[in-house]
Amino acid sequence: MTRIFRLDASIRGEASVSRALSDTLLETLTSELGDVATVTRRDLAADPVPPATWGLAANAGFVPEDQRSDEQVAAVDYARMLADEVDAADVLIIGAPFYNFGVSQHTKAWLDAIITDSRFSPGTRPGEGKTAFIVASRGGGYSEGTPRYGWDHGTPWLVRIFRDVFGYETEIIETELTLAEHNPAMAHLVDLAKENRARAHEAAEEHGKRVAASFADAAAA
């Protein structure tokens with residue numbers, strides 16, 4: 001059985017590009033894997049992590065269990081549940097919309113909560129032997145050669161967390177200029193935006209097929 005966890009954080013609903021790319025990746029994986037795949041989903045835009053969770057759960061770690069407040073107990077239990085979803089998965093699909101030059105506040109609150117769980121504390125590397133896909137979408141242009149190259153403080157941070165802290169084999173599927181069709185000042189970039197998006201969907205399909213094949217090969221060995 002191959003267990004997939006998908007996280008969405010975009011506030012744009014059906015108009016979300018990161019959700020559309022995650023759809024392509026997930027559909028490819030489940031199509032290739034067939035009945036051996038199970039999927040757990042969490043939508044942080046629809047069901048955000050309460051902002052107080054991290055502080056309560058983190059501070060609970062300094063208090064004997066029998067002396068924790070009811071709020072601390074609830075926060076630790078909630079963080080453990082979030083960590084359970086991730087820890088149980090073989091493949092992560094992390095939808096990563098780019099807001100205000102960084103990650104979504106929902107994503108940061110979710111990760112902060114998970115890191116309070118001992119399985120995900122720095123040095124534990126729970127992702128060894130597993131794969132995480134960072135599915136990134138950016139409204140403007142931040143690639144090398146653009147005026148705002150280096151302003152993307154979201155994607156590199158997520159890679160640092162999932163690859164270097166958690167130990168996952170981490171892949172990036174990304175596109176940008178996603179606001180070109182909605183911003184008159186970016187009208188001249190519409191064709192390039194469409195090309196970027198098409199390439200990203202192709203990459204999602206290729207990655208999905210490759211990872212599914214690796215699981216099939218491992219099962220056959």
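Trainee: How much space lies in the largest pocket of this predicted model?
Mentor: In this predicted model, the pocket in question is lined by 18 residues. Among the elements that give two or more residues to its lining are α5 (155-165) and β6 (169-176). The space in the largest pocket is about 320 Å³.

Trainee: How many residues of its lining are charged?
Mentor: Arg138, Glu174 and Glu176 are among the residues nearest the centre of the largest pocket. Its lining also holds seven nonpolar and five polar residues. The charged residues number six.

Trainee: Which element gives the most to the lining of the second largest pocket?
Mentor: The second largest pocket holds about 190 Å³ of space. Of its 15 lining residues, Phe98, Tyr99, Arg138, Gly139 and Thr178 are the closest to its centre. The elements that give two or more residues are α1 (17-33), β3 (91-99) and β5 (131-138). With three residues, the element that gives the most is β3.

Trainee: Is Asn100 buried or exposed?
Mentor: Asn100 sits in the loop between β3 and β4 (102-103). Asn100 has a positive phi of about 50° although it is not a glycine. Exposed means over 50% relative accessible area. Because the relative accessible area of Asn100 is 76%, this residue is exposed.

Trainee: What is the phi of Phe101?
Mentor: Most residues other than glycine have a negative phi. Phe101 lies in the loop between β3 and β4 and counts as partly exposed, at 30% relative accessibility. Although Phe101 is not a glycine, its phi is positive, at about 70°.

Conventions:
Residues are numbered from 1 along each chain as its sequence is written. This is a predicted model: local features need pLDDT of at least 70, side-chain atom pairs count only at pLDDT 80 or more; totals for chains, interfaces and linings use all residues. Side-chain values use heavy atoms; hydrogens and water are left out. On a 1 Å grid over the protein atoms alone, a cavity is a set of points where a 1.4 Å probe fits but cannot get out, and a pocket is an open set with protein on both sides within 12 Å along at least five of seven lines; lining residues have an atom within 4 Å of a point. Grid points are joined across faces, edges and corners, and a volume is the space filled by probe spheres set on the points. Helices (H or I, at least four residues) and strands (E, at least two) are DSSP runs, numbered from the N terminus. Ala, Val, Leu, Ile, Met, Phe, Trp, Tyr, Cys and Pro count as nonpolar, Asp, Glu, Lys and Arg as charged, and the others, Gly among them, as polar. Buried means under 20% relative accessible area, exposed over 50%, partly exposed in between (1.4 Å probe, protein chains only).
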